[in-house]
Structure formats: structure tokens, C-alpha cells
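I opened a new page for this chain. My plan is to look things up one at a time and write down what I find.

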Amino acid sequence: MVSVSLIQASPATLGQNTTEHKDQSDEHRTSFVPASDVFTPKSTYEDHFLKWYESSHERWRWFCSRCGTNLAYTAVYPAEFSSKFPNMLDITLGSVERRYLETEALVPERHLWWDYGIDWIRDLATKGHGDLPIHPNYHIAETVNLDKSTSKL
Ligand SMILES: [Zn+2]
């Protein structure tokens, strides 16, 4: 089960810029609740930054009203399709904090939409990085030598 926490929109959080937001956000968070309870269109988010719009019938796009970041996509399928297409909640990985990305719960289990993928991204996913230079951080003059026999850094 995926849980989420929202940041309350208050005078304290409204005035924060993006760098302050990162450092001070925990004190303005609600407790974690099941994501399926949060990403259900309803009008009770007036005191939070989470907003949504219905992009097409039974499809909702979720975003942060403070910075515009796309956060999630939800789809509800008619009952006759429920065995093939369960209701869906996609959460953008870029909106998930690193400490949660590093948990086993978020290790990918499958690729969807493979036939529509970009060739070079599919190659990275299946063949690895090949001969691409690997930089340990943002210093592009520094590279890491990869031991190809073990695929370890
Ligand atoms: Zn935001």
C-alpha cells in the first residue's frame, strides 16, 4: 500500500520559496494516509496544495498548486473492464522523496507500455548503460570506472 502525506496550505507554507519548502515541509505535513484515500476527487483539499482536474472522462490529473508539479494520474474503469483494467493510480517518481524511492516497495516489478517506449530508454533498461561516462555527482569532469566483469562500481 502506498501512503502519502500532504503539506497544509497556510500562511507559513504559502510564503516559502522552493529551497525553504524542502527544509521546512515536514513540520507542516499531515500524517500519512493511504494514497487511494487521497487521490479520489473530492473538494476537501482547499487547505492543501494538492489540486486535480478531470482531463477526460473518469481520468484525473493531480498537481501541486504551489509549484505546478504533476503528481499523479488516476483512472477509474467501468465495472465490465475491471478484470482487465483495475482502477489505476500512477504517482510520478519525481515527486517521491528519495528516502521512499530507496525502499523495496518502489522497486519496479514490470514495464508497461513497452511497445510505445523510446528506443534508447528501452536499451538502457535492458542492456545497461553501455559505454556512457558515469559521473558520481554533478561534477562532469569526474567519472567512475565501472568494472564490467561484475557490473559494480
Ligand atoms: Zn509543489
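Entry 1. Which residues is Val38 in contact with, leaving aside its neighbours within four places in sequence? I looked them up in this predicted model. Val38 is in contact with Val4, Leu6 and Val33.

Entry 2. I then looked up the largest nonpolar core. It has 10 residues, and Val38 is one of them. Val4 belongs to this core too, along with Ile7, Phe39, Phe49, Leu50, Trp52, Trp62, Leu71 and Ala72. Strand 3 and strand 5 each supply at least two residues of this core.

Entry 3. Next I went for the overall plan. I noted five helices and six strands in the chain. Reading from the N terminus on, I wrote the elements down as β-α-α-β-α-β-β-β-β-α-α. The chain has 153 residues, and 7% of them count as buried. I also looked up contacts with a separation of 6 or more. Residues 24 or more positions apart account for 34% of these contacts.

Entry 4. In what order do the strands of the open sheet lie? I found four strands in the order 3-4-5-6, with antiparallel pairing. Strand 3 and strand 6 (88–91) are the edge strands, and each pairs on one side only. Neighbouring strands of this sheet are turned by 20° against each other on average, direction ignored. Strands of a sheet pair through backbone hydrogen bonds, either parallel or antiparallel.

Entry 5. I went through the sheet pair by pair.
- Strand 3 (residues 50–56) and strand 4 (residues 59–64) run antiparallel and are joined by six bridges. Here Ser56 has Arg59 of strand 4 as its bridge partner.
- Strand 4 and strand 5 (residues 70–75) also run antiparallel, with five bridges between them. Trp62 stands opposite Ala72 in strand 5. I had already listed both Trp62 and Ala72 in the largest nonpolar core.
- Strand 5 and strand 6 pair over four bridges, in the antiparallel sense. Thr74 has Leu89 in strand 6 as its bridge partner.

Entry 6. I turned to the hairpins. How many residues lie between the strands in the hairpin of strand 4 and strand 5? I counted five, and Gly68 takes a positive phi near 85° in this hairpin. The hairpin of strand 3 and strand 4 has two residues between the strands. There Glu58 takes a positive phi near 65°.

Entry 7. I stopped at that last value. Most residues other than glycine have a negative phi. Glu58 is not a glycine, yet its phi is positive. It sits in the loop between strand 3 and strand 4. Is Glu58 buried, partly exposed or exposed? It has 13 other C-beta atoms within 10 Å, so I wrote down partly exposed.

Entry 8. Trp113 lies in the loop between helix 4 (98–101) and helix 5. I looked up its surroundings as well. Trp113 has 6 other C-beta atoms within 10 Å, so it counts as exposed.

Entry 9. Last, I followed the chain into helix 5 (residues 119–127). How many of its nine residues are buried? The number is zero, so helix 5 lies largely in the open. Just after helix 5 comes Gly128, with a positive phi of about 90°.

Technical notes:
Residues numbered from 1 in each chain as written. Predicted model: local features only at pLDDT ≥ 70, side-chain atom pairs only at ≥ 80, totals over all residues. Pairing = 2+ DSSP bridges. Axes fitted to C-alpha atoms, helices over the stretch in contact; angles between N-to-C directions. Core = buried A, V, L, I, M, F, W, Y, C linked by C-beta atoms within 7 Å. Buried ≥ 20, exposed ≤ 12 C-beta atoms within 10 Å, placed from the backbone. Contact = placed C-beta atoms within 7 Å.
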